[in-house]
Amino acid sequence: MSRTLMTRRGMARLTFGVAGAAVGARTVLAQDAAGVINGAADRVLAAVKAGVTDAERERTLTAVFRDSFDIPSIARTVLGRHWNAATEEQRQRFMEAFERAEVRAYSNRFKEYGGQSLQVGKVTQNGGAQLVDAQIIQVNGPPIKLVWELVGGRIVDVSVEGISMAITRRSDFNAYIQRNGIDGLIAELKRRSG
């Protein structure tokens with residue numbers, strides 16, 4: 001009887017211990033996901049607020065893009081069915097051109113920075129992904145709702161007011177590839193990145 005009680009107590013401790021560890025792990029993951037977003041935003045805003053040159057702003061954005069975003073995963077998503085049809089060499093050229101075009105586009109947008117800030121909210125688990133709610137707080141205008149999606153601690157998508165940027169890019173790229181082929185899309189992205 002005593003041994004049975006000890007076993008039950010031991011099981012209860014073990015169960016609470018495992019549950020506590022799981023909750024602790026989720027808390028750490030949630031903090032990590034929010035930390036990825038806060039860290040990336042802090043680096044970009046520090047550069048923008050310091051009034052760095054265009055080249056310095058692009059270097060900062062390139063570093064943030066490489067450190068915080070899962071570029072191969074995003075590339076597969078935005079190319080959709082064309083990813084499997086592409087050669088390895090085309091995939092590499094696409095990822096390089098895509099990164100440069102995104103960095104250039106966002107670098108130009110940050111030139112127009114007008115005091116906005118990013119407020120990071122709750123983190124929720126969605127299968128293997130973590131969703132980080134956030135808002136861009138504008139000086140003159142309503143907040144803009146964002147949801148960052150992270151897998152394995154890296155950003156794979158962001159939705160702006162419910163619209164997925166990865167799905168939007170995939171739709172745009174698919175239409176372009178149908179008219180011009182994947183090499184045509186790569187050439188266009190290189191043209192956009194100057």
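Reader: How much space lies in the second largest pocket?

Author: Rolling a probe the size of a water molecule over the atoms shows where empty space is left. In this predicted model, the second largest pocket holds about 250 Å³ of space. Its lining has 13 residues, and Thr 62, Arg 66, Glu 96, Glu 99 and Arg 100 are the closest to the centre of the pocket.

Reader: Which elements each supply at least two residues of the lining of the second largest pocket?

Author: These are α2, α3 and α5. Of the elements, α5 gives the most to this lining, with seven residues.

Reader: How do the residues of that lining divide into nonpolar, polar and charged?

Author: The lining of the second largest pocket has six charged, four nonpolar and three polar residues.

Reader: What volume does the largest pocket have?

Author: The volume of the largest pocket is about 1100 Å³. A total of 36 residues line the largest pocket, and those closest to its centre are Tyr 106, Phe 110, Ile 136, Leu 146 and Trp 148.

Reader: Which element gives the most to the lining of the largest pocket?

Author: That element is α5, with six residues. Elements that each supply at least two residues of this lining include the helices α1 (2-49) and α6 (165-192) and the strands β1 (117-126), β3 (144-151) and β4 (154-160).

Reader: By class, which residues does the lining of the largest pocket have?

Author: The lining of the largest pocket has 27 nonpolar residues, together with five charged and four polar ones.

Terms used:
Residues numbered from 1 in each chain as written. Predicted model: local features only at pLDDT ≥ 70, side-chain atom pairs only at ≥ 80, totals over all residues. Heavy atoms only, no water. 1 Å grid on protein atoms, 1.4 Å probe; cavity = no way out; pocket = protein on both sides within 12 Å on 5 of 7 lines; lining within 4 Å. Points joined across faces, edges and corners; volume = space filled by probe spheres on them. Helix = DSSP H or I, 4+ residues; strand = E, 2+ residues; numbered from the N terminus. Nonpolar A, V, L, I, M, F, W, Y, C, P; charged D, E, K, R; others polar.
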